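I am opening the notebook on this model.

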Amino acid sequence: MKADILKQGAEGRLYIGESNGVSCLVKERFVKSYRHPVLDNQITRQRMKAETKASERCLKAGILAPKVLHMDLKERKIYMEYFDKAITVKEFVNKGISKDPKVINELFEKIGTIIGTMHSKNIIHGDLTTSNILMNPKTEDFSEYDVIMIDFGLSHYEEGAEDKGVDLYVLERALLSTHSELPELFEIILKSYKKVNSKEETTVIAKFEEVRARGRKRTMIG
Ligand SMILES: Nc1ncnc2c1ncn2[C@@H]1O[C@H](COP(=O)(O)OP(=O)(O)OP(=O)(O)O)[C@@H](O)[C@H]1O
Ligand SMILES: [Mg+2]
């Protein structure tokens with residue numbers, strides 16, 4: 001059977017496969033020959049474990065994420081639940097599937113609630129972008145949908161505010177570059193984020209601003 005490849009990149013590939021007779025998504029990470037093999041193996045194992053761990057933690061906290069069915073460290077493959085009708089938030093916005101400000105507002109409010117919940121459970125995503133958030137339609141026209149978090153390879157568990165601030169900073173940068181025509185998105189996210197993570201809101205936002213100021217200084221110096 002020839003594999004149905006969804007994505008082929010320098011880092012790895014994603015294709016439809018099966019685990020115990022169940023059709024699923026296989027995420028395979030390639031060996032990087034420019035890296036020392038021992039180090040390369042370590043990094044890959046760490047990312048695969050992070051991916052599995054974080055999706056379990058999310059599901060436990062009521063946050064939607066692909067269920068990991070099987071992890072094969074030797075083959076460098078993760079077998080996970082595949083949402084075949086889902087599209088990324090990036091696609092939804094940039095393809096103009098809905099241009100209704102109310103729809104966009106509601107979507108980013110939901111995203112803020114999810115990230116706030118993740119942070120309140122000390123789950124740091126590590127790569128928050130609109131390519132790593134899926135919308136799974138419940139109706140054909142996306143008038144109802146689930147928001148699903150994916151791509152947890154850079155995630156970790158951390159109680160402190162600093163990493164949460166960095167997580168938000170990464171997201172702000174991603175939104176500004178991917179959705180430059182909608183500069184209000186990050187603010188919408190923050191509003192609902194603060195509601196669900198009110199306990200830490202002030203410290204996380206202070207850290208976020210500190211990281212952002214550092215980033216600015218760096219770009220000014222060049
Ligand atoms: N469980 C899933 N169900 C449906 N589509 C998925 C799923 N996981 C990933 N995808 C699609 O495949 C794309 C790439 O997946 P993912 O973000 O996990 O890999 P990546 O960005 O190549 O990974 P990494 O950053 O870890 O190298 C996603 O943007 C999404 O379009
Ligand atoms: Mg990704």
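**Entry 1: salt bridges.** I began with Glu 51 and Lys 27, whose side chains meet in a salt bridge at 3.2 Å, N to O. The model is predicted, so I kept in mind that side-chain atom pairs count only at pLDDT 80 or more. I then placed the two residues. Glu 51 is in helix 1 (residues 37-60) and Lys 27 in strand 3 (residues 22-29), 24 residues apart, so I noted a link between distant parts of the chain. Both Glu 51 and Lys 27 are buried.

I checked Glu 51 for another partner and found Arg 29. The closest N and O atoms of this salt bridge are 3.0 Å apart. Here too helix 1 is linked to strand 3, across 22 residues. Arg 29 is buried, as is Glu 51.

Next I looked up Glu 172. Its side chain meets that of Arg 212 in a salt bridge of 2.5 Å, N to O. Glu 172 lies in helix 4 (residues 161-178) and Arg 212 in helix 6 (residues 201-221), so this pair ties together parts that are 40 residues apart in sequence. Is Glu 172 buried or exposed? Its relative accessibility is 10%, and under 20% counts as buried, so Glu 172 is buried. Arg 212, with a relative accessible area of 23%, is partly exposed.

I also traced shared partners. Lys 27, Arg 29, Glu 51 and Asp 151 are joined by salt bridges into one network. For the whole structure, my search gave 16 salt bridges.

**Entry 2: strand 3 and its neighbours.** Why do I call strand 3 largely enclosed by the rest of the structure? Because six of its eight residues are buried.

I listed its pairings. Strand 2 (residues 12-19) runs antiparallel to strand 3, and eight bridges join them. Glu 18 stands opposite Ser 23 in strand 3. The two strands form a hairpin with two residues between them. In that turn, Asn 20 has a positive phi of about 50 degrees. Strand 3 also pairs with strand 5 (residues 77-80), antiparallel, over four bridges. There I found Leu 25 opposite Met 80. A reminder to myself: in a regular strand, side chains alternate between the two faces of the sheet.

**Entry 3: the metal site.** Which residues coordinate the magnesium ion (ligand 2)? I found Asn 132 through OD1 and Asp 151 through OD, at 2.1 to 2.2 Å. Asn 132 lies in the loop between strand 7 (123-124) and strand 8 (133-137), and Asp 151 in the loop between strand 9 (145-149) and strand 10 (156-157), so the pair ties together parts that are 19 residues apart in sequence. Asn 132 is buried, at 7% relative accessible area. Asp 151 is partly exposed, at 23% relative accessibility.

**Entry 4: the largest pocket.** I read off a volume of about 830 Å³ for the largest pocket. Its lining has 31 residues, and Lys 7, Leu 14, Lys 27, Ile 150 and Asp 151 lie nearest the centre. The elements giving two or more residues to the lining are strand 1 (4-8), strand 2, strand 3, helix 1 and strand 6 (87-88). Strand 3 gives the most, with four residues. I sorted the lining by type: 13 nonpolar, six polar and 12 charged.

**Entry 5: cross-reference.** Lys 27 and Asp 151 belong to the salt-bridge network, and both are among the residues nearest the pocket centre. Asp 151 also coordinates the magnesium ion.

Terms used: Residues numbered from 1 in each chain as written. Chains lettered and ligands numbered in written order. Predicted model: local features only at pLDDT ≥ 70, side-chain atom pairs only at ≥ 80, totals over all residues. Heavy atoms only, no water. Donors = N, O, S within 2.8 Å, 3.2 Å for Na, K, Ca; no water. Buried < 20%, exposed > 50% of the residue type's maximum accessible area, 1.4 Å probe, protein only. Salt bridge = Lys/Arg side-chain N within 4 Å of Asp/Glu carboxyl O. Pairing = 2+ DSSP bridges. 1 Å grid on protein atoms, 1.4 Å probe; cavity = no way out; pocket = protein on both sides within 12 Å on 5 of 7 lines; lining within 4 Å. Points joined across faces, edges and corners; volume = space filled by probe spheres on them. Nonpolar A, V, L, I, M, F, W, Y, C, P; charged D, E, K, R; others polar.
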